[in-house]
Amino acid sequence: MLHVLLIVLKIIGIILAVILALILLVLAAPIRYSFCLDKEENGSPSGQVKVTWLCSLFYFKAGYIDKIFDYRMRICGYQILGNQEEFLNRKKEKKKRKEEKQKKKEARERQEKEKQGKKESSEKTKKTDKEENLSITPDSSGKGEDLLGEAIDKRRNVNDSLRKIADERAKTEDNQKKIEDTPIKIEDSQEKATDNLAKTEDNQGKAEDNRIKAEDSQEKATDDLAKTDDNQGRTEGAWIKNEDNLAKAKDSQAK
């Protein structure tokens, strides 16, 4: 019992440690940003702003180039905001597919209700037929029995023909439903293809994020190299100054 309790406490401690590490990672992650502004003599101004957080988990980019404003926002590589034509068209297509699915669902429910109503009406007719058959009483004479038998046989034949008609109608409705389901299946396959295309575009967005990360790393490396060159230049300047001071000191000693 004590061993089980220790295992449970150990699992709880690991979960709490992971949650605490995630909280510290979120709080300690810096917000990185960069911007540039350019103004030509005979042209319109252009600029670009980029903000990333937590290794590009959150990514925002906005730019004004050639009198065109463009912006986009991604979370986990999935674009949620933007004014690109492809993104807006994809958003409209998703909304349209959702409305079409809702309409198809309502049509199916309507058909099922109609079918259920037809079944209930047929059951009611069968019940009334049985009640009518039970309500018929034979006469004391033999003719009444013969007429009753003929009436019952006719009623049975009519009921059999009605059942056949109902079965044929049910088969026709099933075939019609299959025919109606065929374009729905085709549309479902088209929707799957569109979803795969959206996933491909999301993967392309992730690849673009990775490229941006690589560019940021390259910029950092360039900045570090520039700092190194500056430090080297300062060192060389100090060394030259020391040599000049040494030469002045030698000249003063010679005088």
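**View 1. A patch of negative charge on the surface of the predicted model.** Asp38, Glu40, Glu41 and Asp66 gather on the surface in a patch of negative charge. Patches are made of residues with over 30% relative accessible area and no salt bridge, like charges being joined within 9 Å. Asp and Glu count as negative, and the place of a charge is taken as CG of Asp or CD of Glu. One member, aspartate 66, sits in the loop between strand E3 (58-65) and strand E4 (68-75); strands are DSSP runs (E) of at least two residues and helices are runs (H or I) of at least four, numbered from the N terminus. Aspartate 66 counts as exposed because its relative accessibility is 62% (buried means under 20% relative accessible area, exposed over 50%, partly exposed in between, with a 1.4 Å probe and protein chains only). This is a predicted model, in which local features need pLDDT of at least 70, side-chain atom pairs count only at pLDDT 80 or more, and totals for chains, interfaces and linings use all residues. Residues are numbered from 1 along each chain as its sequence is written, and side-chain values use heavy atoms, with hydrogens and water left out.

**View 2. The salt bridge between glutamate 208 and arginine 74.** A salt bridge is a side-chain nitrogen of Lys or Arg within 4 Å of a carboxyl oxygen of Asp or Glu; the structure holds six. In this pair the N to O distance is 3.4 Å. Glutamate 208 belongs to helix H3 and arginine 74 to strand E4, so the bridge ties together parts 134 residues apart in sequence. Arginine 74 is buried at 5% relative accessibility, whereas glutamate 208 is partly exposed at 22%.

**View 3. A network of salt bridges.** Arg72, Arg74, Glu208, Arg211 and Glu215 are linked in this network. Between glutamate 215 and arginine 211, the closest N and O atoms are 2.5 Å apart. These two residues are four apart in helix H3, which means that about one helical turn separates them.

**View 4. The surroundings of lysine 50.** Lysine 50 is found in strand E2 (residues 46-53) and is buried, with a relative accessible area of 15%. Beyond its neighbours within four places in sequence, lysine 50 has contacts (heavy atoms within 4.5 Å) that include Tyr33, Tyr59, Phe60 and Asp216.

**View 5. Cysteine 55 and its positive phi.** Although not a glycine, cysteine 55 has a phi of about 55 degrees. Cysteine 55 is placed in the loop between E2 and E3 and counts as exposed at 66% relative accessibility.

How values were computed
Patches are made of residues with over 30% relative accessible area and no salt bridge: like charges are joined within 9 Å, nonpolar side chains (Val, Leu, Ile, Met, Phe, Trp, Tyr) within 5 Å. Accessible areas come from the Shrake-Rupley method with a 1.4 Å probe; for residues, only the protein chains shown count as cover.
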